[in-house]
Structures are given as C-alpha cells and as structure tokens.
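The sequence and structure come next.

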Amino acid sequence: MARYELVKRSVALITLTNPPVNALSSAVRHAIAKSMEHALNDPKVKAVVICGENGRFCGGADIREFAGPLRGPPLVPLLDAIEAGEKPVVAAIEGVALGGGFELALVCHYRIVHFKARLGLPEVTLGILPAAGGTQRLPRLIGIPAALELITTGRHISAQEALKLGIVDQVTEQNACELAVEFALRAVAKPLSSRRVSMLTTPCPPDLDALLEAVTMQVKRKARGVMAPLACIQAVRAAATMPYSKGIKRESELMATLFNSGQARALQYCFFAQRTAGKWTLPSGAQWNNSKPREIRSAAIIGLGTMGRGIVVSLARVGISVIAVESEKKLLETGKQMVIGMLERDAKRRGVSASLNLLKFTLSLQDLKDVDLVIEAVFEDMALKKRVFQELSKVCRPATLLCTNTSGLDVDALAGVTDRPHLVVGMHFFSPAHVMKLLEVVCGPRSSSETIATAMSLGKRMGKVSVAVGNCPGFVGNRMLKPYLDQATFLLEEGATPEQIDKALEDFGFAMGVFRMSDLAGLDVGWRVRKESGLIGPDVDPKNPPRRRQGRRYCPIPDMVCEQGRFGQKTGRGWYMYDKPGGTNAKPDPLIQNLLEMYRSRYGIQPRNISDQEIIERCLFALANEGFRILEDGIAARPEDIDVIYLFGYGFPRHGGGPMFYASMVGLERVLERLEHYHQAHPDVPHLEPSPLLKKLVACGSPPVQKWREHIKTMHSHL
Ligand SMILES: CCCCCC/C=C/CC(=O)SCCNC(=O)CCNC(=O)[C@H](O)C(C)(C)COP(=O)(O)OP(=O)(O)OC[C@H]1O[C@@H](n2cnc3c(N)ncnc32)[C@H](O)[C@@H]1OP(=O)(O)O
C-alpha cells in the first residue's frame, strides 16, 4: 500500500501503491502513518519525498469506502503530523493529485509537479467537501477568491495554472520523483515554519462578505438545491475568520452535514455509474474487455443538418478525416460554412489550430468508397434512410461500418436492407452533437461485437459517455421520454400551466423543465412522429373519442400548438413565446393560457389546483416505471445505464442520481404505492400501471440499485 525506501542515503522515499489511482484507502493511510513515523524517527533520514506508483500521485480518498463504516487512521491528524514534522517533506506529483491526494500534497512542505499533472479538490462533485484541511489550507495559500472558485467548482487545474496560483513550487518535464529527491536534499538545512500552510494567515479581501454573498448567489443559480457548494463556502469563510485549529473543526462539522446525505450518495453513485456504463456486455458473452474495436481513421457523415454538423465537428476535432455529404449544392455550402465556423470557434476556445484539413465536402456518395465508417444523419424518415443504406451498401467497401443517427427508428430494419447487417449499429447523438456528452450505441440483433466495440470506442475517443442499448422504438432515452411528456400534458389538461410544471421540475434540479426542453428540441419532430404512428391524421377512426387513441388516454394539446405553427424556439413561439425566432428567453404566452382554458371548457374539464409534489411524482415515477420495463425487456443492461443516459442526455440533476437511483432513494415501496394510486385515478394511462419488475423488487425487500440485475430475467435480452 506504500513502499518505503532510503535513497541517496538520507531521503526517505514513500511511494503510494494502490492501483489504479493510489486512492487513500484505510490500508494506504495506515501505511503512510507507519512510513512517516519511521522516517521521522530514523536519524539517517534528513528529508522525505512522497510520490505515487505508476505515474499517479493520488486520486484522493477511496470513494468506495464512503459507503461503509469509516476504518483506519483518520486523515486529518495524519496530515497535521506530516506538516508539523521537523524534516522537510516534498510531494512529487505526477498524473493526478485530487481530493485527499491534493490535501496530502498541501501538508508537504514543498510540491514538485510534472507538467502533465492535474490537481484539484473535486469533493464537491461527490456531494462532500475537502475535509482533510483542504478548505482551510488552500485559502491560506492562494487567497479566498481563487480557493473559493476551485473548491466550489471542483475544477481540475493544470500544473502550469497551479504554479501561477502559487500552489506548487516547481513544474518539471523530468521525472518529478527524481527531481523531488534533489529538491529535498537542498531543503534539509532550511527553516520549515513558513512552509507549514496551516500556520499562514489567510490573505483576506476587504469585501469578504460581499464576495461570499456573490459566490453564494452564483452557486445557487448554477446548482439549484445542491448542498455541497454552499457548505464549501461556509468552510472557506471559516478559513478567513478563524484560526486553523477552529477552522478545521468547522470544516469537520460541515462535512458531517453532507457525508451521509442523499445528495452525496447520489453523486457518488453517478461517479461509478458513469464508469460502469462503458463496461457493456452481451448475452453472447462478448463484452467490453474481450471485443477488439477497429481503428477508425476516416469517416463520412450523410446530411449536414444540425445533427450532422455537430457529428462532423466531434469527429474532426479528435483527428479523424471526415467526408461530409449533402444532397444539394446550397445545403452543402451552408453546412460547410457552419462546420468551419464551429470548428474554428472550438479550436480557438481550446487554444489549438482548427483541423480544417481533415474535412472534405461532397454531393456524391461515390466519394465514400474507402471510408472506415459512415454515420447517416438524414431526416428522420424510414423510407429515406433505407434508400441511403441501400446506396451505401453498393458504394462502400465491404468492411465499412454503417451507422445511423436515428433517434428511435428500427436499426435492424436498416441493417436488413444492407449487404452487411453485422456491420450496422445505431450511434444516437444528442443535439447539439458536438456539445452533448451522451451517445446511445444501439445494438441491433445482428450487430457484431466488433461493430459495437468500435462504436463504443469511437464514442469514448470523441469524449462522449457511450451507453450500449437495445433496439426498440425510442431506444432507452426517447422511449422513457414518452410517459414523462404524456404526464406533463395530462397535467396541463387537468389544470396546470407549462410554467408551473417547468418550475416544479427545475426546482427539483432539472436543467430545463419539460416544456422549455421541448421548445428547444422543436415541437414539430414529435408531431411528425405522432402523424406517422397514426395518432393524428386521416388514419384516426372518426368514431374515436377525441381524447383517446389506440384504447388509451391521449392529449391533443401538443398537436393544437403545432397546428398554429408554434414549433418552439426556432419559430419564436411554442409552449412559450420568445423575442424572435431562435430566441432563448422564454416568457409565458397568454395565447397558450387561452388555448388551455378553451380546451378545458370544450371538454368540460374542471381545472384543479395541482401540487408540485403531484407534478414530480407523476412525471418522475412514470419515467422510472418505463425504466423498469426497459430493464425487463433487456433494452438496457443495468439501471446505471439508464441513469447515465438521463444524466448526460436529458438534464436529470446529478444530485438526484438519475431516474432509477432516484426511485430507489425515494423508496421502491413508496414509488409503487404512488403509481398504484395514480393508476387507479387514471386507469386509461397504462404507463402509470406499476411494472412487474418494480413489484418484484418491492416483494424482494427493495434491494439497492446495484443488486437489481440479480432480479431481472435476461431471457429476452435485446443487448
Ligand atoms: C474515508 C476516509 C476519510 C477521508 C477524508 C478525506 C476526504 C477526502 C475526500 C476525497 O478525496 S473524495 C475523492 C476525490 N477524488 C476524486 O474525486 C477523483 C476521482 N477520480 C477521478 O476523477 C478519475 O478516476 C481520475 C483519478 C482522474 C482517473 O481518471 P481515468 O479516466 O484515468 O480513470 P477512471 O476510469 O476514472 O478510474 C479508474 C478506476 O479507478 C477508480 N477510481 C478512481 N478514483 C477513485 C477513488 N478516488 N476512489 C475509488 N476508486 C476510484 C474508478 O472507479 C475506476 O475503477 P473501475 O473499477 O475501473 O471502474
């Protein structure tokens, strides 16, 4: 857990050895304590260097240990003792120094950093605060404003920024450990008192209260309802107003308010869920660690609409040559200009040069014969997509992977029109594709494991969080969206307004309420899907009651909104009104209010007061209920995958953990009871009928999310 060596006859070299990130597990803390004691008591040792094995200093506390009882030596006294020791201690930082790892570096008297290393206090992203003195030492070292920013955002910084801020003493391109040993030898004769950060006086700005107030407001605006950043601010205030001995107690009290909170549990769950999602597995036994992806050097994108343009940018900026295809000259030229602009802006922001040389624009599919992979991003129309796939089959070399960016159409039906169904897979990006981190990799029944591995690995290369899902209408994300949207529109019928529903969801923590999100996405997309699926238009049986379709409750209000040409932000009108087409400032529209009133009086609906609790329960429990069905159907392999999709693709608040984790946190019994209640009140809404899996889990004593898989029969997995 930590290796102890004497080097250069007088330097104790302590190497943390806890792969993969040298986390401070109880065993590691124990080993550090023992090694330090040895070093401080051995007269041969004049100085100490602490480093981490395999080029990684330390990734912080072992997050997995947070779930159980705390064991092993507590970190604060251990770190205080290192700082107080009479022999100079140098941290040799390579790779990462994060969280408790950064706090360990802060108690060392000197810090030598490799130029590629990253440092930071990301505890806030895990729902806690840096409680091993981080909130007390960092402000003393770099001042309140800079410390506040780092601690409340959890941002990682580069070695260069750390040097500029005064956190580290030297940045090196050499081996940091070797340099640290030299440095330690030179430090032996020097006094240590000014190197003990906890003994420094915090440089305090004259307008401390105003600064703290401004940061509090900013945090509340950015992360509504999130507790940890507010606790961080209070801890930093203590660093400014109290001596270290008192500040550290305050830090510990504040940590106690967070440590066992639901938000901390949710955020820590998200950390691991995100990593679990990459570990896809198929019933055949093929999985992430036994399926080799192909190398992709060149790709083609068909269609330069909003999605296509974002995908081109995502590929080109990671060094893949891209041929972009459009059907008309004018569309090609517009798309080209937009892609170039996007890439140039992106490159400027990242301080690199735009990879425009990787791009080629063409009107001819014939130009695609040699590419490694094609992503089709044409209009969401099955007949059109089939024509494209047939054509691609003829044009591309037999080994080319054919991918579709459809947001819900049958990937296997597309595979079926090609000469290579095993090389067909869905790559469902989210708009804007160069910004949104989610990628659903849709595995058709005939997609080969190599094809899936390639799509997953390409997603990772583009910086996406890729989740493997099965093939069904809407896949995971959009399939679950339907009951969520339905509940929102039923609530409109019953008396709520779009603003009220959005506010309840945004107060819950969603980045955007359902109606603002729909306005952003464009209301015409769903309208077209409803027409194609026979819910509206000439195929509807005239004898059908007006608010029922296909034997269940149906709300036609979204169709009425679209009939007025209100397609959302792009037309300047939707569920809200905007200053102009493309505007983003949503204001309640009296015309929508009138429409709702007329609608209710036409159908004799007496509007009622609807509580925020009912809004949250009906929307979110219906969402999770569909998630349970998706698990039963084998469309998602694990609840973590569903949660990751909602966190990264649909703005579900991280501190809620995702719809499935949220359901488990509320209590599955409670979710079941509320769904039964709402289904009784609305028997014509099948989505409110509790899923068999939910009932089964409750009957089994509501196991934690991580154990649900054991209760799912995978007989008919679609993955
Ligand atoms: C209870 C004792 C009291 C302690 C009091 C002091 C309190 C301190 C608070 C903290 O320190 S909280 C932890 C702060 N640190 C972090 O948030 C860092 C989290 N890790 C990362 O950001 C990244 O993992 C990384 C270090 C930047 C490396 O990224 P990379 O992409 O290279 O690898 P990953 O796939 O993310 O991780 C590999 C592997 O390691 C697991 N892991 C990473 N960090 C930790 C950790 N701190 N604790 C436990 N496990 C960790 C990760 O889950 C992966 O595991 P897998 O099994 O392969 O999925």
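## Aromatic pairs

In this predicted model, the structure holds 17 aromatic pairs. One of the pairs is formed by Phe-66 and Phe-259, whose ring centres are 5.2 Å apart. The planes of these two rings stand at 65 degrees, and the cut-off for edge-to-face is over 60 degrees, so the pair is edge-to-face.

Strands of a sheet pair through backbone hydrogen bonds, in either the parallel or the antiparallel sense. Here, three strands make up an open sheet with mixed pairing, in the order β5-β7-β8. The edges are taken by β5 (96-98) and β8 (157-158). Each of these edge strands has a single partner strand, so one of its sides has no neighbour in the sheet.

Strand β7 covers residues 118-120 and pairs with β8 in the antiparallel sense, over two bridges. Within this pairing, Arg-118 is placed opposite Ser-158 of β8.

Helix α3, residues 100-107, lies across β5 and β7. The angle between helix α3 and β5 is about 95 degrees.

## The largest cavity

How many cavities of 30 Å³ or more does the model contain? The count comes to two. The largest cavity holds about 50 Å³ of space.

Its lining is made up of Ala-277, Trp-280, Thr-281, Leu-282, Ala-468, Ala-637, Arg-638, Asp-641 and Leu-719. By class, the lining of the largest cavity has six nonpolar residues, one polar residue and two charged residues. Arg and Asp count as charged, so Arg-638 and Asp-641 are the charged residues of this lining.

## The second largest cavity

The second largest cavity holds about 30 Å³ of space. Its lining consists of Leu-481, Tyr-484, Phe-510, Met-512, Gly-513, Val-514, Met-517, Tyr-646 and Tyr-650. Helices α17 (477-494) and α19 (514-521) each supply at least two residues of this lining.

Which classes of residue line the second largest cavity? Eight of the lining residues are nonpolar and one is polar, with no charged residue.

Technical notes: Residues are numbered from 1 along each chain as its sequence is written. This is a predicted model: local features need pLDDT of at least 70, side-chain atom pairs count only at pLDDT 80 or more; totals for chains, interfaces and linings use all residues. Side-chain values use heavy atoms; hydrogens and water are left out. Two strands pair if DSSP finds at least two bridges between them. Helices (H or I, at least four residues) and strands (E, at least two) are DSSP runs, numbered from the N terminus. Contact means heavy atoms within 4.5 Å. Axes are lines fitted to C-alpha atoms, for helices over the stretch in contact, and angles run from 0 to 180 degrees between N-to-C directions. On a 1 Å grid over the protein atoms alone, a cavity is a set of points where a 1.4 Å probe fits but cannot get out, and a pocket is an open set with protein on both sides within 12 Å along at least five of seven lines; lining residues have an atom within 4 Å of a point. Grid points are joined across faces, edges and corners, and a volume is the space filled by probe spheres set on the points. Rings of Phe, Tyr and Trp (its six-membered ring) pair if their centres lie within 6.5 Å; planes under 30 degrees apart count as stacked, over 60 as edge-to-face and the rest as tilted.
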